[in-house]
Amino acid sequence: LRSASAARHEDATMSTKFAEVAPRAGRGRGRGRGRRNYQEQQQKLFQEKVVASIPASAVFTQLQEFERRVDATLARKKAEVNEALKSAPRDPRTVRIYVYNTWKEANPAEGEDASWTLHVQGRVLAPHECADGTAGGDYDPETEPKFSEFVRSVEIRLDPASAPPPAADGAAPAEESEEPIRWESDKAPADAKPVDGFEVKRVGNTDRKAKILIAVKHKPERYKPKPELSRLLGLDLETRPRLIAALWQYCRLNDLLDKEDATLVALDDRLRSLFYKGSNGENQSAKFVDLCEMMCVGCLDPAPPVELDYVVRTRGRKNPTHPDCYDLLVDVPGGDKAPHNFVEGIGRDAEIAALDAKIQVGIKKIEKHLQRRSYFLGFSHSPVDFINTVVAQQARDVAIVRNDGRKRRLAERRTEFYNKPWVDEAVMQYVTRQSKAGKI
């Protein structure tokens with residue numbers, strides 16, 4: 001937080017617009033799903049045949065199953081990292097806070113008492129805007145977030161020592177001592193819109209000292225480490241992941257990591273005094289996960305609020321008063337939310353793709369050799385039956401090629417019906433009846 005002087009008061013209106021886009025329903029999904037199910041069934045039957053014919057192929061099947069599990073895990077992790085990278089990019093921007101007040105003289109004719117209004121406003125500076133506010137940059141009020149989106153709470157405390165003394169007749173003073181004025185974003189209505197600033201209005205015509213406490217809403221949340229931890233890591237206000245990374249870096253640079261088990265950390269005097277007070281040197285090593293847990297639970301405090309001192313002026317030549325300006329560094333959502341190139345490149349290596357292509361070629365060769373093996377095994381077991389079966393299949397194929405018709409093929413399919421023992425007697429009876437009737 002740094003203080004700066006402003007040549008003029010700047011009043012900007014900012015708003016943020018959002019739009020929801022629903023995915024469009026596709027067509028032909030059922031047909032594609034059925035085709036995939038058929039292919040999976042055929043692949044399963046082929047694998048069963050291969051395992052039955054070649055017992056050693058079970059190892060290859062297990063490797064395939066393991067590869068599928070690895071691919072599924074890799075895809076899930078890649079999606080998780082992509083999701084984290086989509087929400088992680090946040091650009092550091094400067095929020096300029098303006099603190100000033102206005103006052104109004106008493107008007108006995110209309111029955112109005114003297115009053116003053118304290119204003120606390122803020123806006124996000126453009127990326128290339130000058131610090132003194134003289135150059136505009138590419139500031140767009142319609143797209144920039146509002147001041148209340150960066151604030152968790154605002155508390156204004158009026159100094160009771162600067163309150164006006166009570167009147168001589170014992171009447172109540174023009175300004176009464178009151179409790180701190182507080183606004184919290186969690187208690188705001190759900191349909192409340194973001195605002196550019198806050199106002200506090202009170203009755204009175206005397207100068208008042210005020211302390212303004214602004215709790216900044218950091219995303220991701222930031223924490224203030226204990227003084228011992230801050231001196232150890234050299235950090236003052238940071239997020240938990242960065243604090244954990246700094247602790248790991250300290251252990252690595254000081255050669256505290258166990259060479260056989262990287263999860264263990266040898267405790268030096270500074271780590272032992274920070275995490276194991278009163279242990280009398282009994283703890284020589286600890287797991288890094290335990291150190292991180294102890295650091296996050298007992299060594300981190302919430303980020304302290306920003307304190308601003310201001311004196312409310314109720315007289316002078318300028319109304320409103322000359323604003324006090326403060327610059328606050330915050331993280332604003334921004335950056336490219338496209339999938340990260342490194343994450344998308346995982347699993348798409350050219351060498352891996354070439355090996356996958358070779359595996360597919362090998363599978364097709366195995367399938368062809370399996371068919372040839374079955375063909376020759378059938379011939380070696382029973383040559384006569386095998387040749388008769390092949391001739392019958394070829395005869396049916398020839399009939400289909402010649403387009404003889406369905407009736408002829410159906411008649412040929414039922415010829416064994418006329419080779420049964422009772423057919424001869426049935427034919428003779430049929431001929432006898434037809435001759436007696438004079439039809440033959």
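Reader: Why is isoleucine 440 called exposed?
Author: Its relative accessible area is 67%. Exposed means over 50%, buried means under 20%, and partly exposed lies in between (1.4 Å probe, protein chains only). Isoleucine 440 is therefore exposed, since 67% is its value and the limit is over 50%. The model is predicted: local features need pLDDT of at least 70, side-chain atom pairs count only at pLDDT 80 or more, and totals for chains, interfaces and linings use all residues. Residues are numbered from 1 along each chain as its sequence is written, and side-chain values use heavy atoms, with hydrogens and water left out.

Reader: Where does isoleucine 440 lie, and what makes the nonpolar surface patch?
Author: Isoleucine 440 is in the segment after helix H11 (423–436). Helices (H or I, at least four residues) and strands (E, at least two) are DSSP runs, numbered from the N terminus. Val427, Tyr430, Val431 and Ile440 make the patch, of about 400 Å².

Reader: Why is arginine 96 counted as buried, and which side chain does its own side chain contact?
Author: Arginine 96, in strand S2 (residues 90–104), has 3% relative accessibility and therefore counts as buried. Its side chain makes a polar contact with that of aspartate 327 at 2.9 Å; the term requires a donor and an acceptor among N or O atoms within 3.5 Å.

Reader: How many residues of strand S3 are buried?
Author: In S3 (residues 115–124), ten of ten residues are buried. Ser115, Thr117, His119, Gln121 and Arg123 point one way, whereas Trp116, Leu118, Val120, Gly122 and Val124 point the other way. In a regular strand the side chains alternate between the two faces of the sheet.

Reader: What makes S3 and strand S6 a pair?
Author: Two strands pair if DSSP finds at least two bridges between them. S3 and S6 (residues 197–203) have seven, in the antiparallel sense, and S3 and S6 therefore meet the requirement of at least two. Glutamine 121 has glycine 197 in S6 as its bridge partner.

Reader: How do you know on which side of helix H6 the buried residues lie?
Author: In H6 (residues 288–298), Phe288, Leu291, Cys292, Met295 and Cys296 are buried. They cover an arc of only 125° around the axis, so they lie on the same side of H6; the arc is that of the directions from the helix axis to the C-beta atoms. Val289, Glu293 and Val297 are exposed on the other side.

Technical notes:
Patch = residues over 30% accessible without salt bridge, like charges linked within 9 Å, V, L, I, M, F, W, Y side chains within 5 Å. Areas by Shrake-Rupley, 256 points an atom, 1.4 Å probe, with all protein chains shown as cover. Salt bridge = Lys/Arg side-chain N within 4 Å of Asp/Glu carboxyl O.
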